[in-house]
Structures are given as C-alpha cells and as structure tokens.
Amino acid sequence: MKNIKLIVLLSQPLNAHIEKRLNLNLLLTKGFSLEILDLSAFMMPNYPSVDFRLNESQNLTVTKINKKRCLKLFLEKCSRKCVAIDASNQNPWIRYQLNRNGIPIIRYLSGGLPVSHASVDGNSQLTSTLLKRFLIKLKRGEIRGLISGFCKFFHKKYYFFFRKSYLDILILGGDRLRGNESQYIGKNTVIIESHVPDVEDFVRSQDNNVEDLPKKYLVFLDQNIPYHPDLKLLNSRYSEPSTYFSRIGHFFEMLENLGFEVIIALHPRAEGSDDFGNRKCYKYRTASLVANSSGVISHFSNSINFAVLNNKPIIF
C-alpha cells in the first residue's frame, strides 16, 4: 500500500484543522507519499490565506492549482497507482475527473452536522436561503453574478445526474453522517465505520492536565465568531466585534460573581486573545480544559463533544 501515492484534494488552504482531521503527519510518518492539491483558488477564492506547513518530508508535495483546466491536466498525468482522498467541497465534476482517470476516491467524514436528504424541512430551508441570496443579488443589480451562478449550478447538476461518480471507500466518523454522501454511495462503495478524532483527544486528555488552572472554573468554547473566515467567504457578518465581546464579557462577569473563573478555549483560527480581557486563554488544549472543568459554555461548537464525553453540564 505504501507504494501508492495519496492525492489529497482540498477546497480551502491547508490548515491545522485539516491536518488533524485527516492525520496527514501520521500518514507521512507511516511512509505514505502525499500529494496535496490546494484547489482554493477556484473552489473558495475568497477564503483568507493561511500560514501553515506540515512537517518537512521527501514524501510530501503541496501543489496549488488555480484553474479547473489545470486540475484536469494534472489528473490525466497521474499514475494508476494513485488514490484520491477527497477532502474538498462535494463536487461532482472533480469526482468525474478522478473516475475517468481510474483514480479511486476515498471520502472521510468526521464532525460537522449530519444532513438528511429526505428532510422536507431541510430542503425548504435550503430553497429559502437560495431564494434570499438570489433576491439580494437581483436588488444589487449583480446580473453578471447571477448568470455566473446559474451556469455553475447547472454545470454541477449535469455531472451529478449524467456523469455521477460513486465513492470507492467512505469512512464514517458516526453513522448519522452517512446522509451527507448518500447520493454518492453505490453498490460497490465500501463503508468503514470509524470515529471522530475528538474521541482520541478525549482519551489522551484524561491523563493530561493543564498547569495553573483554578480548582473551580468554567470553560468557554470560542468559535472566533466575529472574525471567522467563513463570514468573508459567505459575504456575511455576524455582529460587530465590540458588541459581541461586550455582551459575552458581561455574561462571563455574572458567572464569575457566582464564584466561577471563566477560562477561554480559543478557536484554532483565532489570532489573539485581547478581546477576552485578562481571562486565561489557551489554544489546542480544549479536551484537557473541558475534562478538568466544572462545566462548559458554548454557542454551537463541535467541541461540545468533549462536554458530552466528560459528562459536563453545558450552558448555551
């Protein structure tokens, strides 16, 4: 198996979250050859750049591909001993190109929200969201953007209905995530039941204490909400940072007046901690912080997994 090159397709720039989710450094350590394709230039062009690098290895190549035509040519030149790990946004054209070049497709799902394609409410909500975006662009007079959007939409639907390529292997970190790829599961798709990486972090956290912690504290699971790069990508805005941090700071003060210290588990993409005042902030220590806490404060973070695994009370 180690003679096979793994092609990892990413729709956003490589970052620590992707590395952890796919265990890329572990694959390098085990001797696998990785070719990471950064497709963000045409899949998510508004996504902010990220300064992140994997451990240096002669078995690692990172290639930035700026156009779909370049990706098509790249895949046509690939050896038959390649296997693709599709970690990009679900794209039927890309999967068709992989399939026509004889490259098996592996998809690993972990974390995120399960989707039920049979859900009437879910389809209605999606239709409503698309309609709102259409009306906003129409009101702004963005006719060219509308035409481009419709062309991309029908292009995807063409490959979905007439050139669909099923997954060869689907690795599920939770059975309820099966619905996210149900349209690409064929009769020959091999499904492997797995778990989310949070389970491994939870096990390690049981014997991994964080120094200088108070005996009685609550941990806030930061989501970097006012500054999250997805807001720029979606051309959206949650709230003014000053308003958000003022309100949440007031809530923290209420809890602190009850005798709890509030500690911040910073989001991996958070660039600083000044907005939380003098409160202790930690990055990449969420599992241990939750394990030793009296409870958890959260909006809707996936890290709630740690609160559930540790049987901790949650304040939403």
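This is a predicted model: local features need pLDDT of at least 70, side-chain atom pairs count only at pLDDT 80 or more; totals for chains, interfaces and linings use all residues.
First, the ground rules. Local features need pLDDT of at least 70, side-chain atom pairs count only at pLDDT 80 or more, and totals for chains, interfaces and linings use all residues. Residues are numbered from 1 along each chain as its sequence is written, and side-chain values use heavy atoms, with hydrogens and water left out.

Start with the cores. A nonpolar core here is a set of buried Ala, Val, Leu, Ile, Met, Phe, Trp, Tyr and Cys residues joined through side-chain atoms within 4.5 Å. Buried means under 20% relative accessible area, exposed over 50%, partly exposed in between, with a 1.4 Å probe and protein chains only.

The largest core has 24 residues. Leu-9, Leu-37, Leu-39, Leu-71, Ile-94, Leu-98 and Ile-103 have the most contacts inside it. Elements giving two or more residues include strand E1 (5-10), helix H4 (68-76) and helix H5 (92-100). H5 gives the most, with 3 residues. Helices (H or I, at least four residues) and strands (E, at least two) are DSSP runs, numbered from the N terminus.

A separate core has 19 residues, among them Val-8, Leu-22, Leu-27 and Val-83.

Now helix H10, residues 241-256. Which of its residues are buried? Tyr-244, Phe-245, Ile-248, Gly-249, Phe-252 and Leu-255. They sit on the same side of H10, because they cover an arc of only 120° around the axis; that arc is taken from the directions from the helix axis to the C-beta atoms. On the other side, Ser-242 and Arg-247 are exposed. The buried residues pack against strands E8 (217-221), E9 (261-266), E11 (295-297) and E12 (314-315), where contact means heavy atoms within 4.5 Å.

How values were computed. The expected span of a helix is 1.5 Å times one less than its number of residues.
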